[in-house]
Amino acid sequence: MSTLIAAEGLGHAYHNEWLFKNLTLGINPGQRVALVGINGAGKSTLLKLLAERFSPLEGKIVKNKSVKIGFLDQEPSFPDGFSISDFIFSLENKQQQLIKEYEELIEDPDPDEKKLNRLYEELSEHNAWEYEHQIKTILSRMGINHLQQKIATLSGGQKKRLALAKLLIEDPEIYVLDEPTNHLDIDTIEWLEKLLTTGNKTILLVTHDRYFLDNVCNTIVELDRGKTYNYNGNYAYFLEKKAEREASDESTFQKNKNLLKKELEWMRRMPAARTTKSKSRIDAFYDLEEKTKQRTDNQKVTLNVKMSRQGNKILELHHIGQTFGDKKIINDFSYTFKRGDRIGLAGKNGTGKSTLLNIITGSLKPERGQVDIGETTVYGYYKQGGLSFNDKDRVIDIVKSVAEYIKMADGQTISASALLTLFLFPPKKQHGMVEKLSGGEKKRLHLMKVLMQNPNFLILDEPTNDLDIDTLNVLEEFLDNFPGVLMLVSHDRYLLDKMSDQLFIMEGEGKVSIYNGNYSEYRLSLDQPRPVVAPTKNQELEKSVSPTKKLSFKEQQELTAIEQNIAELEGKLNQLNQEMNTTAPSDYQKIQSLSDEINDLNIALEKTMDRWVILSEK
């Protein structure tokens, strides 16, 4: 198989620090490669080098001159004064120029009929009608409707979608994509997945979206401390093999073992369509788990910052209404927030998600209705555009400006430096300047500042944009343990699935509906309808006062028995795991016996939990 593009002996540095040296990478036709690694590892730099945006300090990029590369930058730039139409349609492409002329003409409220007829004929002569339909579909999906609009008037998100639209229209031999799902709503991301996996496209991309990775990519390349590790499979396969690799690296193994295990188990469990994983894969993972049990665990520090005390009254929304101009954003929405609420906010771009969050936090007073905030409610609000760092400040000084020491949920106090380490900032980064951080690292630092304020009502607005997967693992572990109210706006289906058990769905035209379940369950319900309920005061009262109202006496008894059974199973698993830890590595028979018992108990526990979920939802 001939290689389309290759990096040979590649080396590059910033601020006198080498990102990588002597790096070699080849991409073959039909490969859909994801580049993964922590923020600051050099992923975006490597993409730009392969896309020939600049030259490496060492080594070279080898490709056939005729191979066309399409590059999507994280923050695309555009020619001055261009309209959308000027940018989208290539001067060298006759079909595109005809389509441009036709599209501009039909936007005219009083088009020239003779010109229109001539264009009809020319488009037919050049067999361009199907191409015109493809282009219009792409532009529509990206929310691009007014071709005469000047690019300078677009928002950052609109510019990113415009750049992606042009690349999809050009359909190059190699797609090089830096965070392609940023600024796309979930419907568009799912459409893009289908488009990129149609035909024999060759793709190199960086993304934090793990479902996108799993659905699109067939090769994962990990960039770790200047070296690359290749995995021929999708994201779930990468997690498994990475765990095996790190099992042989004592220095990193203990730190990452539990995060990898949790994430791999989740990938196998959600969404519903993923339940066909083979038994051999599951067995292989448990074999790995048993091998790791022979090692001595260091005490694990978890990111679990102390939460401010939360009273009985948290937040009440009464008949909220909001419009902007003629557009109805929210119409008669009521909800009483309860302790432990974990709510995902879903809806297409422009349906009012940010407006609702601004009303909730009090930064926008609604036109109609009332917002009652509890006296003890402390907001932590992470949102896009919230970065305000001085590039000449040291990283550790930014954290110390909030607090020198941070109290954790277990009562322990840790230093600012220790918290930075938990957030994947090693000592060298901590004492470096902010200007040396990558875009993703700056966002990670901003997120950390929000969490340090000890909120009990946490709002995360697109927290995954530009964060690496390792950081997201740390964030998810924190959110797992967070006892306060969580509201999450994200186009990342993985995060929505894992972190929310209820959705506010912004349907447009002011309608906000509530769905009890996560995003994948909601999508399945669209094919197999399940009622989406409008929130009313009575329903909220009924939900908070009598959550087991629908259980029969027999089911209630079963639920109680199941909860006792779960506790017993977990107790037995803990005993067996402790026994495994103290068993000599040479005692293979005992290790095998314990491994079989643990595997059987895990299967029994999973079945019991499934039944518990069904009864609990009632």
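Which residue in the turn of the β19 and β20 hairpin has a positive phi? I began with this point and then went through the sheets and helices in turn.

**Entry 1: ground rules**

I am working on a predicted model, in which local features need pLDDT of at least 70 and side-chain atom pairs count only at pLDDT 80 or more, while totals for chains, interfaces and linings use all residues. Residues are numbered from 1 along each chain as its sequence is written, and side-chain values use heavy atoms, with hydrogens and water left out.

**Entry 2: the β19 and β20 hairpin**

I found that β19 and β20 form a hairpin with two residues between them, and that Glu509 in the turn has a positive phi of about 55°. Strands here are DSSP runs of E with at least two residues, and helices are runs of H or I with at least four, numbered from the N terminus. Strand β19 (residues 502–508) runs antiparallel to β20 and is joined to it by five bridges; two strands are taken to pair if DSSP finds at least two bridges between them. Met506 has Val512 as its bridge partner in β20.

I then asked how many of the five residues of strand β20 are buried. Four of the five, within residues 511–515, are buried, so β20 is largely enclosed by the rest of the structure. Buried means under 20% relative accessible area, exposed over 50%, and partly exposed in between, with a 1.4 Å probe and protein chains only. Glu509, in the loop between β19 and β20, is exposed, with a relative accessible area of 72%. I also noted that the C-alpha atoms of Glu509 and Ile330 are separated by 7.5 Å, although these residues are 179 apart along the chain.

Five bridges join strand β10 (residues 315–324) to β13, and His318 stands opposite Gln370 in β13.

**Entry 3: an open sheet with β1**

I recorded another open sheet of three strands, in the order β2-β1-β4, with antiparallel pairing. Strands β2 (17–27) and β4 (58–63) stand at its edges with a single partner strand each, so one side of each is left without a neighbour in the sheet. The twist averages 20° from one strand to the next. Strand β1 (residues 5–14) pairs with β4 over five bridges, and Gly11 has Glu58 as its bridge partner in β4.

**Entry 4: strand β3**

Which way do the side chains of β3 point? Arg32, Ala34 and Val36 point one way and Val33 and Leu35 the other way, and all are buried. In a regular strand the side chains alternate between the two faces of the sheet. Strand β3 (residues 32–36) runs parallel to strand β7 (residues 202–206) with three bridges, where Arg32 stands opposite Ile203. Its parallel pairing with strand β8 (residues 219–224) has four bridges, and there Ala34 has Ile220 as bridge partner.

**Entry 5: helices**

The axes of helix α3 (residues 94–107) and helix α5 (residues 129–141) come within 10 Å and cross at roughly 65°. The contact is made by Gln95, Gln96, Ile99, Tyr102, Glu103 and Ile106 of α3 and by Trp129, Tyr131, Glu132, Ile135 and Lys136 of α5. Glu103 counts as buried, at 8% relative accessibility, and touches Glu132, Lys136 and Leu147, not counting residues up to four places away in sequence.

Last, I checked helix α17 (residues 469–481): at 1.5 Å a residue its 13 residues should span 18 Å, and its end C-alpha atoms are 19 Å apart, which agrees. The expected span is 1.5 Å times one less than the number of residues. Of the 13 residues of α17, 10 are buried, so this helix is largely enclosed by the rest of the structure.

Methods: Axes fitted to C-alpha atoms, helices over the stretch in contact; angles between N-to-C directions. Contact = heavy atoms within 4.5 Å.
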